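Please examine the sequence and the structure shown here.

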Amino acid sequence: CGMLRLKVNEGRWHQIDRSLRLCPLCKNGIENELHFLMICPFYNDLRIIYLPQIVYGNTSEFQNIMNTDDKRLLKKICQFIYYAYIKRGNNL
């Protein structure tokens with residue numbers, strides 16, 4: 001939805017060039033939803049707990065989980081996002 005406080009969205013809100021919207025934690029790519037959920041190494045510990053079945057970094061896998069109606073997976077994604085934002089907030 002473009003509402004998460006990720007650099008890709010914040011940069012759009014503040015007219016920052018897309019190439020400058022890097023992840024503040026790993027600096028290894030633009031911090032968008034795919035990076036946050038499946039790529040950033042900063043959250044690997046949380047992925048192991050909440051999303052162990054996910055193939056990380058796979059774009060088609062990302063599309064599948066974003067379109068899922070599996071209530072158990074949705075709950076795990078929500079838990080991951082919740083705890084990732086706590087961890088993110090404690091490290092920025």
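Glu-31 is buried, with a relative accessible area of 0%; buried means under 20% relative accessible area, exposed over 50%, and partly exposed in between (1.4 Å probe, protein chains only). The model is predicted: local features need pLDDT of at least 70, side-chain atom pairs count only at pLDDT 80 or more, and totals for chains, interfaces and linings use all residues. Residues are numbered from 1 along each chain as its sequence is written, and side-chain values use heavy atoms, with hydrogens and water left out.

The side chain of Glu-31 meets that of Arg-88 in a salt bridge, that is, a side-chain nitrogen of Lys or Arg within 4 Å of a carboxyl oxygen of Asp or Glu. Glu-31 lies in the loop between helix 1 and helix 2 and Arg-88 in helix 5, so the pair ties together parts that are 57 residues apart in sequence. Helices are DSSP runs (H or I, at least four residues), numbered from the N terminus. Arg-88 is also buried, at 7%.

The structure holds three salt bridges, listed below.

| Pair | N to O distance |
|---|---|
| Glu-31 and Arg-88 | 2.8 Å |
| Asp-45 and Lys-87 | 2.8 Å |
| Glu-10 and Lys-7 | 3.3 Å |

Asp-45 forms its salt bridge with Lys-87. This pair links distant parts of the chain, with Asp-45 in helix 3 (residues 44–50) and Lys-87 in helix 5, 42 residues apart. Asp-45 is partly exposed at 39% relative accessibility, and Lys-87 is partly exposed at 21%.

Glu-10 and Lys-7 both lie in helix 1, three residues apart, about one turn of the helix. Glu-10 counts as buried at 15%, whereas Lys-7 counts as partly exposed at 29%.

Key: Helices (H or I, at least four residues) and strands (E, at least two) are DSSP runs, numbered from the N terminus.
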